[in-house]
Amino acid sequence: MSTAVLREFRYGDERIAFSVRLRPARKAQRIAIHVEPDGRVVVDVPHEASETAVQAAVRQRARWISSQLTAVRERIDPARPRAHAGGESLLYLGRRYRLEVLVDEDRKGDVRLGRGRIEVAVGSNEPGRVRAVLDTWYRRRAGEVLAARLAALAPALHWVRTPPPMQLRVMKQRWGSCSPAGRLTLNPNLIKASRECIDYVLIHELCHLQAHHHGPLFHRLLDAQMPEWRRIKQKLDAWADELIPS
Ligand SMILES: [Zn+2]
């Protein structure tokens with residue numbers, strides 16, 4: 001007699017469900033993991049095995065389970081292939097990821113960030129769809145991350161009472177700007193740069209709240225807040241061609 005209990009574990013951004021079959025010790029001496037032809041993950045567990053041991057066993061074999069499930073999906077529904085869009089390299093927060101495209105009507109618009117890859121789900125693989133989904137995702141992440149960094153950095157600057165209003169705009173020539181009224185405009189492509197580059201741009205613009213031009217006062221403020229800013233700016237400049245697509 002066996003009892004099925006449904007569980008779940010995470011692998012990267014993937015959630016993988018599995019059922020546990022409790023077996024009498026004489027039938028199962030150790031934890032065994034099966035990926036069935038229909039994609040169900042079944043874990044045979046001796047009665048005396050602890051929950052911790054079960055979790056450890058599936059985690060240990062997570063990569064294998066995930067690759068088996070990919071193979072199952074491709075076999076079950078060849079009309080929904082996992083098309084690798086040339087394995088294009090993408091940047092996010094200064095790290096490189098490989099683009100994977102998943103054609104899946106139920107998940108279209110979904111973007112998942114996993115180990116070394118960014119998976120984009122589209123309803124159909126027509127030209128431009130993947131780029132549109134990615135752009136939306138980058139922009140949303142940019143809004144969240146930039147606002148959070150702004151809120152974290154602003155309190156350290158004595159001339160900033162509250163984080164200034166911020167808007168996103170794709171600009172070809174600049175990372176950010178600060179209006180005379182104190183509103184920041186930031187390039188959403190900054191989300192592709194590393195955190196220190198993002199912080200540099202934010203601190204640069206926050207210094208403009210006190211000194212509008214790139215004069216001696218501005219540089220005094222910037223040097224005081226971020227003494228290593230020249231090194232970081234060099235990195236950002238070197239990336240600019242890749243970060244801001246033409
Ligand atoms: Zn400036």
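Let me start with the area buried between domain 1 and domain 2: about 410 Å², with carbon and sulfur atoms giving 41% of that. Buried area here is the accessible area (1.4 Å probe) that two parts lose on being put together, summed over both. On the side of domain 1 that touches domain 2, the residues divide into one nonpolar, one polar and two charged; Asp, Glu, Lys and Arg count as charged, Ala, Val, Leu, Ile, Met, Phe, Trp, Tyr, Cys and Pro as nonpolar, and the others, Gly among them, as polar.

Before going on, the conditions. This is a predicted model, where local features need pLDDT of at least 70 and side-chain atom pairs count only at pLDDT 80 or more, while totals for chains, interfaces and linings use all residues. Residues are numbered from 1 along each chain as its sequence is written, and side-chain values use heavy atoms, with hydrogens and water left out.

Between domain 1 and domain 2 the count of salt bridges is zero, a salt bridge being a side-chain nitrogen of Lys or Arg within 4 Å of a carboxyl oxygen of Asp or Glu.

Now the metal. Which protein donors does the zinc ion have? They are His-204 (NE2), His-208 (NE2) and His-214 (NE2), lying 2.0 Å from the zinc ion. Donors are N, O and S atoms within 2.8 Å of the metal (3.2 Å for Na, K and Ca); water is not among the atoms, so sites may look incomplete. Along the chain, the donors follow the spacing H-x3-H-x5-H. His-204 and His-208 are separated by about one helical turn, because they are four residues apart in helix α4 (residues 195-208). Helices are DSSP runs (H or I, at least four residues), numbered from the N terminus.

Note on methods. Helix = DSSP H or I, 4+ residues; strand = E, 2+ residues; numbered from the N terminus.
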